[in-house]
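My notes follow in the order in which I looked things up.

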Amino acid sequence: MTEKIITFENVSKSFGAITALENVNISVDQGEFLALVGPSGCGKSTILRIASGLDYPSLGSMNTNTKKVGYVFQDSTLMPWRTVRKNIEFLAELEKIDKKIIKKKANAIIELVGLQDFSEHYPIALSGGMKMRASLARSLVLEPELFLFDEPFGALDLITRGRLNVELMQLYNYKKFTSLFVTHSVEEALFLSSRVLVFSGRPGTIKGEFVVPFKYPRDSGIRYTSEFAELSGEVGKILEKFS
Amino acid sequence: MIVPIIKKSIPPLLVLFVVIGIHYFITYGVLEPTRRFLLPPPHSIIYEGFFVPKHRDEILKGLFLTTRVSFIGLGIAFIIGFTTALLMSQAKWIERSLYPWAVFTQTVPILALVPIIGFWFGFDMLARIIVVVIISIFPIIINTLTGLNGASKNLHDLLTLHDSSRWTRATKLMIPYALPDMFTGLRTSAGLAIIGSIVGDFFFGRGSPGLGMLLKVYSSRLRTEELLSATFVACLLGVTVFWSFSYFGRRLVGHWSEAWSK
């Protein structure tokens with residue numbers, strides 16, 4: 001049996017009078033890529049905050065057996081006064097890893113995400129897509145076992161978004177980190193994940209679960225197959241019904 | 001490099017010529033010869049102020065003293081202002097406790113306060129510096145505080161996820177984030193510091209004579225030429241300081257800060 005990296009048991013969360021999450025049960029296997037799809041304001045981000053320990057459930061419990069968590073936010077959250085390289089080294093610096101090791105790791109990651117030509121640039125000079133790559137790279141340096149993605153590509157144009165989806169999928173196929181990926185794009189969820197949970201509008205509850213049958217590494221063309229469209233339609237129907 | 005500077009200088013220079021033209025017109029076209037002492041022509045202002053050795057030396061010495069007081073005062077205002085803002089950024093209750101008093105320094109009628117400061121601290125350097133600190137500290141506190149509180153929640157969360165200490169959060173996130181705003185505050189305060197030192201001077205009327213005291217002496221003697229020269233020098237000092245801080249701001253944070261990149 002595969003190891004569970006993180007489990008939510010009957011988790012509810014309320015902020016004052018507002019119930020954000022109600023009775024949520026999730027378990028994520030080691031190496032699984034789980035996508036959470038739902039309308040805006042359904043508490044998907046709250047799930048990530050609870051998973052990372054930034055927040056706590058009001059009811060129920062969250063258990064995780066890894067401390068190596070990477071968090072990628074919707075905005076790139078780069079530090080504008082640091083070059084791309086210095087940004088990528090930042091988290092490792094916080095963890096007080098040896099400077100030489102940081103350098104080596106950063107170099108490898110910079111190459112992996114294709115930022116060689118931009119490593120000495122400041123974020124001000126970067127496009128949105130490049131910033132997101134740098135943000136991703138910053139988390140990768142610490143080799144997290146659990147990756148939390150909070151709509152990381154939501155602010156990008158569709159073309160860049162599609163390209164970064166492919167890059168992230170390849171990265172996942174290579175590193176096999178466990179992932180919780182929040183998005184409100186059904187297409188993005190299906191292309192990236194091995195399983196999709198569909199959330200209702202507030203209070204967020206799970207309304208559907210889909211196993212995505214496509215094998216990794218996925219070809220970017222699968223997004224235009226009829227099989228993909230059919231699955232996408234099924235997910236979309238549930239999403240529409242409960243939003 | 002040189003050509004754009006010349007190009008940029010043309011519009012303000014045109015304004016200068018127009019103003020000088022109006023100035024001459026008023027002196028020779030509007031005022032009767034007996035009343036010309038009210039607005040002497042530009043060339044005699046420049047002659048009296050900068051080519052008569054006695055006046056020139058007075059004004060240059062005044063400029064030096066005013067600059068010195070302004071800079072010492074600004075330095076102290078920066079140290080106190082930065083520390084205050086840093087304290088305020090550490091806890092809401094500290095911010096709430098200090099904020100009204102920071103506003104107080106801004107709203108206090110400095111002219112009323114200057115004589116009291118003289119009584120308490122004498123009429124020399126120290127009292128002048130205190131006036132400068134009071135008048136210039138507010139923009140430093142407010143701008144620095146805005147910067148320190150400006151980093152996004154996500155960036156703070158990122159540090160929380162890595163169990164960062166208060167110290168790490170301040171030095172690695174909040175202070176660097178605040179640098180552009182700090183320069184904005186400093187630039188505004190630098191101008192105020194010069195005004196403060198001139199105002200202090202003007203009212204103390206004793207001790208070492210900076211530009212403020214010269215202004216007072218010249219105006220009491222109806223020396224319009226020297227009065228206007230000294231005023232002009234005071235303005236030039238203000239402009240120079242403003243430009244210098246703009247320049248340093250661009251040099252130090254212009255390569256990464258949106259606000260300072262132009």
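**Helix pair in chain B**

I began with a helix pair in this predicted model. Helix α8 (residues 166-204) of chain B packs against helix α10 (residues 224-253) of chain B at an angle of about 165°, and their axes lie 10 Å apart. I noted the crossing of α8(B) and α10(B) as right-handed.

Next I looked up which residues meet. From α8(B) I listed B:L179, B:P180, B:F183, B:L186, B:R187, B:A190, B:G191, B:I194 and B:I198. In α10(B) they meet B:A234, B:L237, B:G238, B:V241, B:F242, B:F245, B:S246, B:G249 and B:V253. I sorted the residues of this contact between α8(B) and α10(B) into 13 nonpolar, four polar and one charged.

**Chain B as a whole**

I then stepped back to chain B. I found 10 helices and zero strands in chain B. The C-alpha trace of chain B spans about 80 × 55 × 30 Å along its principal axes. Chain B has 262 residues, of which 35% count as buried. Among contacts in chain B with a separation of 6 or more, 73% come from residues 24 or more positions apart.

**Where chain A touches chain B**

Last, I checked the interface. I found 14 residues of chain A in contact with 16 residues of chain B. On the chain A side, β5 (69-72) and α2 (84-94) are the elements that give two or more residues. The residues on that side of chain A divide into 10 nonpolar, two polar and two charged.

Note on methods: Residues numbered from 1 in each chain as written. Chains lettered and ligands numbered in written order. Predicted model: local features only at pLDDT ≥ 70, side-chain atom pairs only at ≥ 80, totals over all residues. Contact = placed C-beta atoms within 7 Å. Helix = DSSP H or I, 4+ residues; strand = E, 2+ residues; numbered from the N terminus. Nonpolar A, V, L, I, M, F, W, Y, C, P; charged D, E, K, R; others polar. Buried ≥ 20, exposed ≤ 12 C-beta atoms within 10 Å, placed from the backbone. Axes fitted to C-alpha atoms, helices over the stretch in contact; angles between N-to-C directions. Left-handed = near helix turned anticlockwise from the far one by under 90°.
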